[in-house]
Amino acid sequence: MSLTDLVTPLKRQTLSANVYDQLRDLVMSGQMMPGEQISLRSAAEALGVSVMPVREAMQRLVAEQALELTPSRTLRVPRMTAAQFKEITTIRTNLEGLATELAASASGAVALRDITRWHDEFAAEMNAASPDGSKLVTFNKEFHFAVYAAADMPVLLQMIEALWLRIGPILNYDLRAGSRRVGDKVAMSHHAALLAALKRRDGAKARAALQGDIESAAEFILSTGVLVSDGTLPPQNAAPAAKKARAAAGAAR
């Protein structure tokens with residue numbers, strides 16, 4: 001699917017913030033693949049804006065390590081080693097588990113309606129004859145973040161968002177690829193258990209369902225061999241984020 005199909009043209013008065021928000025959301029939701037190259041001009045054309053706000057957004061995403069600048073001065077989605085993936089998965093299990101457990105006691109009727117709506121959207125697409133991978137990853141992200149937002153802890157939510165920026169491109173590999181986990185509706189069963197626990201205000205069960213969802217997806221991703229072997233990432237991944245952000249300013253237009 002091209003970038004043109006994934007973004008929405010923007011109004012001038014909100015250019016800078018909206019360019020960043022749309023590109024950031026694409027990375028977080030897993031709509032962009034590890035190693036995928038990004039053209040500033042193509043992104044600008046898809047968004048219906050000039051190159052300048054796209055370049056500014058890209059610089060921010062490089063500083064956040066959501067994107068990287070290669071030696072050939074092209075921007076791309078970073079690849080990830082198995083060790084990095086395991087570390088982030090461990091952190092996610094704890095932070096997102098905490099947010100989910102807190103959401104069980106903090107979520108009100110409106111929050112539960114939102115969570116239920118995204119669960120229903122995800123389940124309907126999962127039950128389709130030919131599930132759309134792009135829709136699945138979008139509904140999955142919206143479901144998870146509706147849960148985390150219900151905890152009403154903004155700093156915790158920001159920390160979780162930062163982790164998804166790093167892991168988003170690989171996070172939903174199984175949903176995009178139409179793996180066995182999609183056919184077996186593994187994620188849907190975890191989501192259903194999580195939602196049921198939230199409705200009962202059972203924080204421990206909600207946390208367990210969330211952790212089961214994260215761990216089962218991680219186990220599958222590690223088994224596929226799609227991650228980079230530890231120690232084989234190119235040198236630019238070790239460069240300081242600030243240096244990469246400055247270099248991004250001169251990236252291909």
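1. Is Ala-151 buried or exposed? Ala-151 is buried, since its relative accessible area is 7% and the cut-off for buried is under 20%. The model is a predicted one. Ala-151 sits in the loop that links α7 to α8 (154-171). Leaving out residues up to four places away in sequence, Ala-151 touches Ala-99, Leu-102, Ala-103 and Ala-106.

2. Confidence comes next. Mean pLDDT for the protein chain is 85. Of the residues, 83% reach 70 or more. Residues 234-253 have pLDDT below 50. That stretch still has 39 contacts in the model, beyond near neighbours in sequence. Where pLDDT is low, predicted coordinates should not be read in detail. Please treat the contacts of residues 234-253 accordingly.

3. Helix α5 (residues 82-106) against helix α7 (residues 133-150). The two axes come within 7 Å and cross at roughly 65 degrees. The crossing of α5 past α7 is left-handed. From α5, the contact uses Glu-96, Ala-99, Thr-100, Ala-103 and Ala-106. From α7, it uses His-144, Val-147, Tyr-148 and Ala-150. By class, this contact has 6 nonpolar, 2 polar and 1 charged residues. Note that Ala-99, Ala-103 and Ala-106 belong to this contact and are also touched by Ala-151.

4. Helix α5 against helix α12 (residues 203-224). Here the axes come within 8 Å, and the crossing angle is roughly 160 degrees. The pair is therefore roughly antiparallel, because an angle over 145 degrees counts as such. α5 passes α12 in a right-handed crossing. The contact of α5 with α12 has 11 nonpolar, 7 polar and 6 charged residues.

5. Where is Pro-78? Pro-78 lies in the loop between β3 (75-76) and α5. Its relative accessibility is 19%, so Pro-78 counts as buried. The value should be read against the cut-off, which is under 20%. Pro-78 and Pro-34 are 44 residues apart along the chain. Their C-alpha atoms are separated by 5.5 Å.

6. Thr-116 belongs to helix α6 (residues 109-126). Thr-116 is buried, with 17% relative accessible area. Which residues is Thr-116 in contact with, leaving aside neighbours within four places in sequence? They are Leu-195 and Lys-199. Helix α11 spans 186-200.

7. Two backbone points deserve a check. Most residues other than glycine have a negative phi. Lys-185 is not a glycine, yet its phi is positive, at about 55 degrees. Lys-185 lies in the loop between α10 (180-183) and α11 (186-200). Lys-185 counts as partly exposed because its relative accessibility is 27%.

8. Arg-201 has a positive phi of about 60 degrees and is not a glycine either. Its place is the loop between α11 and α12. At 45% relative accessibility, Arg-201 counts as partly exposed.

Terms used: Residues numbered from 1 in each chain as written. Predicted model: local features only at pLDDT ≥ 70, side-chain atom pairs only at ≥ 80, totals over all residues. Heavy atoms only, no water. Axes fitted to C-alpha atoms, helices over the stretch in contact; angles between N-to-C directions. Helix = DSSP H or I, 4+ residues; strand = E, 2+ residues; numbered from the N terminus. Parallel < 35°, antiparallel > 145°, perpendicular 65-115°, else oblique. Left-handed = near helix turned anticlockwise from the far one by under 90°. Nonpolar A, V, L, I, M, F, W, Y, C, P; charged D, E, K, R; others polar. Buried < 20%, exposed > 50% of the residue type's maximum accessible area, 1.4 Å probe, protein only. pLDDT = per-residue confidence, 0-100. Contact = heavy atoms within 4.5 Å.
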